[in-house]
Amino acid sequence: APSIEDVQDRWFSSITEAYFDFQLKNFEAFEIISRKELSEKFKQGAYFGVSKPESDIYKTAKAVNASHVLIHFYSIDRKNSMKINYYLDIIDMKDKTSVMNFDKSFQPEDLDEHLKNCTKQILNRFQIKLSGQDKENLEQQVFSSDPATNKIFGEALIDLKLQDRSKTAQKMIKIVQNDPGFGLAVLKTAEVFESLKRHALASSLYNQLFLRNSFYYHRLFLKSASYNRKNKLFNQALQTILFAEEKGFYTLKLLLEKALIFQNMENLAEAQKCYEKILKIDPNQPDAILNIAKIKRKKGLYRESLELLDNIDPESPNMVIVNLEKVVNYYSLKQYKKALDILQSVYKPIPDDPGLNILLGDIYYKLKEYKPASSHYQTAIKKTPKDLNLLFKTSNAHKLAKQYQNAINILKKYKSNFENPKQIDKEIGLLLFHTKDTTEALSI
C-alpha cells in the first residue's frame, strides 16, 4: 500500500507487486498468496493505490495463514525529478517483528537496479541458496529502461481489473512490441492472452521469455511446456523442454512433462522411456506408474496394467483416475462385475459426468441389465445431445428392457439435433410396431 492515496501514482504499486510476485515465485521456498485470495479477506477489497491500517493487514495475513507480510510504502516527488522514495518491510507474523527492511530513494530510470538489490536482500535474509543460473536470472532486465513505459504498463495492470481485458491486452502487446526487452511486460502479457485463450500468441510470448529475455527459470519452462501441451501445441511444448535441458534443467517435474508430451504425440516408446527414468529416481512416483499402466493398456497388456495400478498408494490424489483405468482394464478383460464394483465407488463424487455414465451404461448393457443401462445413457445424453451413437445406445437399451415408448420418446426428443434424421425415423417406425401403433409406424 502506498503512503499517499494519489491516483496518478497507483501504477507504481501495481508494477512493484507484479515484480515481487514474479521474482519470489521462482523460488520454491516462497508461496505468494494471490490477490484474489487477499481480496476475499479484505472487507473493502484489496486494490492498487490505497493504504491499509496495519491492524487490517495483520488480520488478513492471519486469515490466509501467511507466515510473513511484505508491506511497502512509497511517494513520488514531482518537485525533484520524479524521485521515488521507497520503503519495504517484511514482518514475521509470529511476533509481528520486522525481519528485514529496505529504504531507498532513487530516480525512476533506476527502478530495475534497486528492486533487484531489494530482491537479493530478501533472498539472503531467508537464506535461499542461489545457483549460478539463479544469479544470472536476477541480473536480467525486468523493467523497461524508459520510466514512461513502466508507468503506462503499471496503469495497464490496473486496467485489467477495471476495464475490458481484451482492449487492455491490445495496449499491453503494443508495449511489448515496442520494448521487447521489458521482461515483466512480456510475462504478464503472455498470462493475459492465456486467460483470453489466444493460445498461439500466448505461446510465442512464453517462448520470447527464454529466447529473447533470457529468463531461464524452472517454473517458467514448466509453465510454458504444460500450457503448450494442454493446448495441443506439442512441438512447441517439446522444444521448450529440450531447451530447458540444454540449459541444464533436469528435474522430475520436467521429465514428467516431457513424458506427457510424448504420450500426447502418440510416441509411446519415448514416453515410456521417460517414465522409466522417473521410476529409477522415485520408484513410487504415482503419475509415472499411472501413465505406464495407460501405455500398457493401449498395447492390450491389461493384466500388466492392472498389476502396476495395484502398486499405487491408495492415498494418491489421482485415485479417481487410477480406479477408472482399472475399470477400463477389467472391461477389456470382460470382467464386467469387477469393473462395475470399482466404477460405482468412483461414480458417487461425480454423478453427472457423461463419460462415466456412458461407461456405466456399457457395463450394465454387457451384464444384460438394460434398465439401469438406459438410465445412465439417458443421463449422459443430456450433456451430449448431438451424439448419434449414444442416442441409439439409449433407445436400444430401452427397447431391450421392453420400454418401447421410452425408446420412441428419446428418439423424438433429440431428432431435431441432426440434419438427416432418416435413420432415426426408421428406428422410431420399427419401435412403433412393438407398441401396436401400426398407423403411425407406416406413415413414418
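Ala, Val, Leu, Ile, Met, Phe, Trp, Tyr, Cys and Pro count here as nonpolar, Asp, Glu, Lys and Arg as charged, and the others, Gly among them, as polar. The model is predicted, and local features need pLDDT of at least 70. Residues are numbered from 1 along each chain as its sequence is written.

Start with the second largest pocket. A pocket is an open set of points on a 1 Å grid where a 1.4 Å probe fits, with protein on both sides within 12 Å along at least five of seven lines; lining residues have an atom within 4 Å of a point. Select Asn26, Phe27, Glu28, His218 and Arg219, the closest to the pocket's centre among its 16 lining residues. The lining divides into five nonpolar, six polar and five charged residues.

Next, select residues 268-281, helix α13, and residues 286-298, helix α14. Helices are DSSP runs (H or I, at least four residues), numbered from the N terminus. The two axes, which are lines fitted to C-alpha atoms over the stretch in contact, come within 9 Å and cross at roughly 150 degrees. That makes α13 roughly antiparallel to α14 (angles over 145 degrees count as such). Contact means heavy atoms within 4.5 Å; Leu268 and Tyr275 of α13 are among the residues that make it, as are Ile292 and Lys296 of α14.

Finally, select helix α19 (residues 370-383) and helix α20 (residues 388-400), which pack at an angle of about 155 degrees with axes 8 Å apart. They are therefore roughly antiparallel to each other. Their contact includes Tyr377 of α19 and Leu391 of α20, and its residues comprise nine nonpolar, four polar and one charged.

Note on methods
This is a predicted model: local features need pLDDT of at least 70, side-chain atom pairs count only at pLDDT 80 or more; totals for chains, interfaces and linings use all residues. Side-chain values use heavy atoms; hydrogens and water are left out. Axes are lines fitted to C-alpha atoms, for helices over the stretch in contact, and angles run from 0 to 180 degrees between N-to-C directions. Helices (H or I, at least four residues) and strands (E, at least two) are DSSP runs, numbered from the N terminus. Angles under 35 degrees count as roughly parallel, over 145 as roughly antiparallel, 65 to 115 as roughly perpendicular and the rest as oblique.
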